[in-house]
Amino acid sequence: MLKKRVIFTLLYDHGSFMLSRNFCLQKVGNLRWLQKNYNFSQIAFSIDELIILDVSKGERDQDKFCEHVKALAEDCFIPIAAGGGIRDLELARKLLNSGADKIVINSDLKTNPKLIELVAKEFGRQCLVASIDVNKENTVWIQNGTEKLDLSAREWLAYVSQELPIGEIYLNSMENDGTGQGYRLELLDLLPPSVSVPVILAGGAGKYHHLIEGLLHKKVNAVATAHLFNFVGNGLELARDEMLNEGIDLPRWDIQTAKNMKNCCANSQ
Amino acid sequence: MVVVVDYGMGNVYSVLSALRYLGCDPILTNNTQKILEASHLVLPGVGSFKKGMQSIRERGLDKAITKAVNERGVKILGICLGMQLLGSFGDEDGGTEGLNLIPNKVRLFDSQTLDPEMKIPHVGFNSVRTSEQEGLFKGLPSNADFYFTHSYRMLNEGLEGRLGKCNYGVDFLAAFETEKVCGAQFHPEKSQTNGLILLKNFLSL
């Protein structure tokens with residue numbers, strides 16, 4: 001049986017990593033900061049998957065974003081999904097050649113469904129993560145939360161999960177985003193009863209028991225947190241231990257062994 | 001010299017990163033001479049069996065790989081599609097002969113026999129069971145979790161050697177080490193500690 005997952009989401013904006021609260025962004029640091037002050041490559045040993053989203057406003061520098069994905073993928077031995085501003089197949093291909101395994105699509109689900117078909121045909125539907133931002137009135141917003149769709153979240157989720165060739169749904173609460181007050185579990189009631197793709201719940205996790213609460217829900221396959229300061233130091237490592245103790249079926253590995261293996265084959269080749 | 005075979009299929013960046021993390025300095029190449037001179041070959045790959053074999057043949061790499069393995073005793077690890085290509089025949093896209101380094105065939109998961117809850121492709125972390133504690137499996141727990149993403153799997157067909165099995169509705173061959181070749185249907189480069197252990201073991205063969 002497939003395991004459940006804990007995902008870390010990094011928000012990227014023109015070379016910096018950001019904190020988001022109700023979609024208002026605050027800069028925290030660049031890649032160097034992430035490694036040096038936040039010790040990201042160590043933290044990455046406590047998660048099952050990494051999502052990197054380019055939430056830059058205005059014109060995006062896609063080459064620079066790919067370089068950041070590459071740098072993060074270097075010491076990060078888990079599946080990686082990347083997205084934000086993907087408007088053509090070439091950028092999708094470039095991200096997949098930079099260490100990403102999946103592509104995250106949000107606005108293009110509405111504005112460019114042809115691209116979804118193209119990416120699915122070229123790389124398979126398992127490669128596509130449909131990101132859906134829902135506010136407290138259960139309406140859907142695209143373009144970094146600036147443009148409202150006419151459809152209800154229930155209608156949109158039914159369409160995306162049943163009509164588009166996607167592999168997963170990333171369901172994010174705009175209301176709880178960055179608040180640390182816990183996931184908005186009611187969002188899961190908006191999913192069609194027959195939803196056949198894995199669901200990632202995002203928006204609001206502040207403590208490890210929020211992650212547990214999410215993972216215990218039968219419709220949830222993975223939980224995501226984007227809050228850089230709620231799980232600092234060995235916070236995620238401890239959270240993971242708690243989740244395993246609670247009987248949540250996460251993949252298991254020994255973190256210390258991986259740290260000890262750095263350069264272990266250096267002299268044998 | 002560790003050579004990652006470059007035949008233009010899929011993401012090799014993470015494979016190179018994981019090998020570098022372990023401290024080795026892999027070469028990414030499609031040069032047949034380098035392939036013959038390698039101590040270890042890694043055959044990665046994402047995509048279809050047919051396209052994969054076409055890409056290998058177009059570059060003349062099939063002969064170099066089989067010669068390196070059969071005549072020079074070069075160790076090879078096939079990852080995901082790379083493992084499947086080590087087999088004799090793949091059904092995908094109408095059927096293609098593989099590198100035939102092992103006689104096993106590659107088939108689509110049979111959706112008729114799978115639980116409706118079990119979706120194809122099989123994507124995510126799943127456990128690999130083995131009773132082996134040496135070679136490719138040294139230092140791994142008897143139930144080790146690895147990251148998979150695939151729709152086809154290699155049939156067991158009496159393969160002899162050190163084997164690891166995974167269950168996804170049905171049991172299937174997840175990893176193996178025979179006298180000459182190794183394969184992993186999962187992605188060791190995406191499987192945290194367990195994947196690094198397996199790669200380290202391969203480099204030690």
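This briefing walks through two chains, from overall build to single residues.

The model is predicted, so to speak of local features a pLDDT of at least 70 is needed, side-chain atom pairs count only at pLDDT 80 or more, and totals for chains, interfaces and linings use all residues. Residues are numbered from 1 along each chain as its sequence is written, while chains are lettered from A and ligands numbered from 1 in the order in which they are written. Chain A has ten helices and twelve strands; helices (H or I, at least four residues) and strands (E, at least two) are DSSP runs, numbered from the N terminus.

**Chain A as a whole**

- A compact globule of 269 residues would have a radius of gyration near 18 Å, and chain A agrees with its 18 Å. This radius is taken over C-alpha atoms, and the globule rule is 2.2 Å times the number of residues to the power 0.38.
- Along the principal axes, the C-alpha atoms of chain A fill a box of roughly 60 × 40 × 35 Å.
- Of the 269 residues in chain A, 47% count as buried. A residue is buried if 20 or more other C-beta atoms lie within 10 Å of its own, exposed if 12 or fewer, and partly exposed in between, with C-beta atoms placed from the backbone.
- Taking contacts in chain A between residues at least 6 apart in sequence, 66% join residues at least 24 apart. Two residues are in contact if their C-beta atoms, placed from the backbone, lie within 7 Å.

**Where the chains meet**

- Chain A gives 35 residues to the contact and chain B gives 30.
- On the side of chain B that touches chain A, at least two residues each come from α1, β8 (122-129), β9 (143-150) and α6.
- Helix α6(B) supplies the largest share of that side, seven residues.
- By class, that side of chain B holds twelve nonpolar, twelve polar and six charged residues. Here Ala, Val, Leu, Ile, Met, Phe, Trp, Tyr, Cys and Pro count as nonpolar, Asp, Glu, Lys and Arg as charged, and the others, Gly among them, as polar.

**Helices that pack together**

- Across the two chains, helix α3 (residues 62-74) of chain A and α1(B) have axes that come within 9 Å and cross at roughly 40°. Axes are lines fitted to C-alpha atoms, for helices over the stretch in contact, and angles run from 0 to 180 degrees between N-to-C directions.
- Angles under 35 degrees count as roughly parallel, over 145 as roughly antiparallel, 65 to 115 as roughly perpendicular and the rest as oblique.
- A:Lys70, A:Ala73 and A:Glu74 of α3(A) meet B:Tyr13, B:Ser14 and B:Ser17 of α1(B). These residues divide into two nonpolar, two polar and two charged.
- Within chain B, helix α1 (residues 13-21) packs against helix α6 (residues 192-204) at an angle of about 75°, with the axes 10 Å apart. This makes α1(B) roughly perpendicular to α6(B).
- In that contact, α1(B) uses B:Ala18, B:Leu19 and B:Tyr21, and α6(B) uses B:Gly195, B:Leu196 and B:Leu199. Five of the residues are nonpolar, one is polar and none is charged.

**Strands and sheets**

- In chain A, strands β2 (residues 16-21) and β3 (residues 24-30) run antiparallel and are joined by six bridges. Two strands pair if DSSP finds at least two bridges between them.
- A:Ser20 has A:Leu25 in β3(A) as its bridge partner.
- These two strands form a hairpin with two residues between them, and A:Asn22 in the turn has a positive phi of about 45°.
- Chain B has an open sheet of four strands in the order β6-β5-β7-β10, with mixed pairing.
- β6 (96-97) and β10 (152-154) of chain B stand at the edges with a single partner strand each, so one side of each has no neighbour in the sheet.
- Strand β7 (residues 105-108) of chain B runs antiparallel to β10(B), and three bridges join them. B:Val106 stands opposite B:Met154 in β10(B).

**Two residues to look up**

- A:Leu89 lies in helix α4 (residues 89-96) of chain A and counts as partly exposed, with 15 C-beta neighbours inside 10 Å.
- Leaving aside neighbours within four places in sequence, A:Leu89 is in contact with A:Leu115, A:Leu118, A:Val119 and A:Glu122.
- B:Phe109 sits in the loop between β7 and β8 of chain B and is buried, with 20 other C-beta atoms within 10 Å.
- Not counting residues up to four places away in sequence, B:Phe109 touches B:Leu114, B:Ile120, B:His122, B:Ser151 and B:Arg153.
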